[in-house]
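Hi,

Here is the model I promised to pass along.

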Amino acid sequence: MYNGARNFINDTTPTPAKVADPLYLVPSLPQGQPESKQAYLILQRLFPNAELSNIQTTVFLQAWQGKTYQQIAQSTGYDADYIKDVGHKLWRKLSELLGESLSKHNFCSILRRRYQQLEDTELAQVSHTGGVRTMQSHKSKRESGRSLPMCDWGEAAAVPVFVGRQFVLTQLKRWIIEDHNRLIGIFGLGGVGKTALAVKCVEQVQSLFDCVIWRSLRDQPDFDALMMDLLQSITGQEDLELPDTAQDKVTLLLAYLNEHRCLLVLDDWFSVLQGHELAGSYQEGCETYGLLLRRISESRHNSCVLITSREQPSGLAFTDNEAFPSRTLYLDGLDQESGQEALKAFGLEASDDCSDVLLERYTGNPLALRIAVKTIVDFFAGNVPQFLDRDELIYGDIRRLLLQQFGRLSKLEMSIMKSLASLDTPGSLADIAQDISLEESDLLLDALESLHRRSFIWKQNGRISVPQLLKEYIQASNKLGRA
């Protein structure tokens, strides 16, 4: 499994006796561990009244990641027989609560299915009530003479293969349909599937909106031209006159976003952000894009704006706090099960062990995997071990993809990445500071926050790690003398 299993429960005493702590006392899970987050939230949703001890919760989370009882025992300091007994009692307890027989071998698939059924039922209820009201409330506007295009996909990409992601897809739909969030950001490394996820989400919720518009910022469109395009698409009017100032242009757009229920997707937002500096600042002349996002987030309106980006823009409070109308989703690579399904969809038939190694080395990045599969099929007749034995995972389009992203880093960020990539285990702030000059260390925290905005690092319990795909790139660049 490509994500290293980690113990998220603060159990350090190697004695079997534990006090049963309520489930809600388990600490929040770290970013960069999507499988464990999914498992934890499914556990809460399907078993809201269950009281599990810390060790029971630990066994559940690590078993979800595919760890054996022996591996769980090693990571927690318990005896393997004790962990096995905890597991057996845990599956029996959850089986009784669920009304369906669970075991270590089948609980993942059963709980995913039951969770999806629960989410689909709840979203269907919201769509039937809130969604129907939305469509009916705007029906009179269309009948009164205003012509609104239902969907303008612009340059949205086709998505022929889409596997997994059901958990985050359901979460996105809930944020849009039920929570009525005004601004949602999907962030992650290039090739991780941000655009594909957005496409699938929009396909499933578009009927609940008067107007759906998809625009890409890949070519850095002129701000005034973009505003004119959006307003014409929403209103259906070609002879609009824009106000003079950027503030007034945004105010006019917000008026229409309040009058109509619109879903606006702005893809590749990072294209208007500045490279070679700390993440999030805008290129010269593109500051008005920051104004647009800030006003969309802060103003009352009836629409939802979804952006995708390789890095999070600064000056904007994306949050997971339900009290605020903005949400952040950091998208990681595919998990083990979805990754194996993707490899088959890309045309690779390989053993689970070979697939797991490939997924780990590429951190489950769908684009990198698709490129690698083509190479394995074309030049290695589908033989994954032969491909891996060459130890040449970073090449061609994969190298170009990562070169674009590493090329945006500041000098200090690159120094930190090299330092972290050289460590065998997640590093601390002190580990990194030893490898950089005292002069640069004054900006160390700024640089770490910037790297997190770019999805270049994962954080957990005061330790910092680098996704394996980025480690592979740094190591390959060192061999070529390019880093």
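How do the residues of the lining of the second largest pocket divide into nonpolar, polar and charged? They come out as 16 nonpolar, 6 polar and 7 charged (Ala, Val, Leu, Ile, Met, Phe, Trp, Tyr, Cys and Pro count as nonpolar, Asp, Glu, Lys and Arg as charged, and the others, Gly among them, as polar).

Before the rest, a word on the source: this is a predicted model, where local features need pLDDT of at least 70 and side-chain atom pairs count only at pLDDT 80 or more, while totals for chains, interfaces and linings use all residues. Residues are numbered from 1 along each chain as its sequence is written, and side-chain values use heavy atoms, with hydrogens and water left out.

Back to that pocket: its volume is about 810 Å³. Of the 29 residues lining it, Gly 191, Gly 193, Thr 195, Ala 196 and Leu 367 are the closest to its centre. Helix 7 (194–205), helix 13 (366–380) and helix 15 (396–406) each supply at least two lining residues.
(A pocket is an open set of points on a 1 Å grid over the protein atoms alone, where a 1.4 Å probe fits, with protein on both sides within 12 Å along at least five of seven lines; lining residues have an atom within 4 Å of a point. Points are joined across faces, edges and corners, and the volume is the space filled by probe spheres set on them. Helices are DSSP runs of H or I, at least four residues, numbered from the N terminus.)

Ser 419 sits in helix 16 (residues 411–421). Ser 419 counts as buried because its relative accessibility is 4% (buried means under 20% relative accessible area, with a 1.4 Å probe and protein chains only). Leaving aside neighbours within four places in sequence, Ser 419 is in contact (heavy atoms within 4.5 Å) with Asp 431, Ile 432 and Asp 435.

Cheers

How values were computed
Buried < 20%, exposed > 50% of the residue type's maximum accessible area, 1.4 Å probe, protein only.
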